[in-house]
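Good morning, and thank you for making time for this presentation. I shall speak about salt bridges, strand pairing and aromatic contacts, in that order.

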Amino acid sequence: MNIVLATYVTDSVTSGVLKYQNELSYHLSHRGHSVDIATPEQATGIFRLLTALLVKCEGIFGKQSRRLAVEIGTFGRMYSVIKKRRGKIDVIHCMDISSGVAAQLATRGAVPVVVTAHFNIHPIHEAVERGELSGVGLRLTRRVFEFYFSRIRCFISPSHFSRACIQNIEIGRASCRERV
């Protein structure tokens, strides 16, 4: 099978997500699968330019818009990376929800997408606790994440915490919320 592992986390960041992704890649490759890693940094052309401008312009709208600008920028770049590969993919395994939705939209639902819920806290709550979101920024970001969670059909929950979070979040068409 041709499998793409996708995440916004890059090699420049030390993370359990990368450890999980690298282990998964290693084991899938040794079982004979073709494994490719997709990150937003691989985006080229107009998507890279537009998302870079979006993030640069976030200062115009103040601190509250930064989180949303980064989120939309990362989503757009991941969408473009997956879209370029879509004819050559049998399954996409994403390490975060925005990459999962970007992959699903880029392939127009023609490729199965699985998302591993690596979070320890709902992404919005984390930003609120750090003082990055309130008011209009919070409402817009909440809508983005409601859209994300409504689109994912299959979650893998590596921890009891993420499984409980997923079960408490309304997921529109989720069919396999609970896998360990």
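Let me begin with a definition: a residue is called buried under 20% relative accessible area, exposed over 50%, and partly exposed in between, with a 1.4 Å probe and protein chains only. The model before you is predicted, so local features need pLDDT of at least 70 and side-chain atom pairs count only at pLDDT 80 or more, while totals for chains, interfaces and linings use all residues. Residues are numbered from 1 along each chain as its sequence is written, and side-chain values use heavy atoms, with hydrogens and water left out.

I turn to the salt bridges, each being a side-chain nitrogen of Lys or Arg within 4 Å of a carboxyl oxygen of Asp or Glu. The whole structure contains two. In one, R85 is joined to D36, with 3.2 Å between the closest N and O atoms. This pair links distant parts of the chain, since R85 belongs to helix α3 (residues 64–85) and D36 to strand β2 (residues 34–38), 49 residues apart. Helices (H or I, at least four residues) and strands (E, at least two) are DSSP runs, numbered from the N terminus. R85 is buried at 19% relative accessible area, whereas D36 is partly exposed at 31%.

E41 forms a salt bridge with R77, and here the closest N and O atoms are 4.0 Å apart. E41 sits in the loop between β2 and α2 (45–57) and R77 in helix α3, so parts 36 residues apart in sequence are tied together. R77 is buried at 13% relative accessibility; E41, at 40%, is partly exposed.

Next, the strands, which pair if DSSP finds at least two bridges between them. Strand β3 (residues 91–94) runs parallel to β4, joined by three bridges, and I92 has V113 as its bridge partner in β4. With strand β5 (residues 155–156), β4 pairs in the parallel sense over two bridges, T116 standing opposite I156. In a regular strand, side chains alternate between the two faces of the sheet. On β4 (residues 113–116), V113 and V115 lie on one side, V114 and T116 on the other, and all are buried.

Finally, aromatic rings of Phe, Tyr and Trp (its six-membered ring) pair if their centres lie within 6.5 Å; planes under 30 degrees apart count as stacked, over 60 as edge-to-face and the rest as tilted. Two such pairs are found. F75 and Y148 are stacked, 5.8 Å centre to centre with 20° between the planes. Both F75 and Y148 are buried. The rings of F147 and Y148 have centres 6.4 Å apart and planes at 50°, so that pair is tilted.
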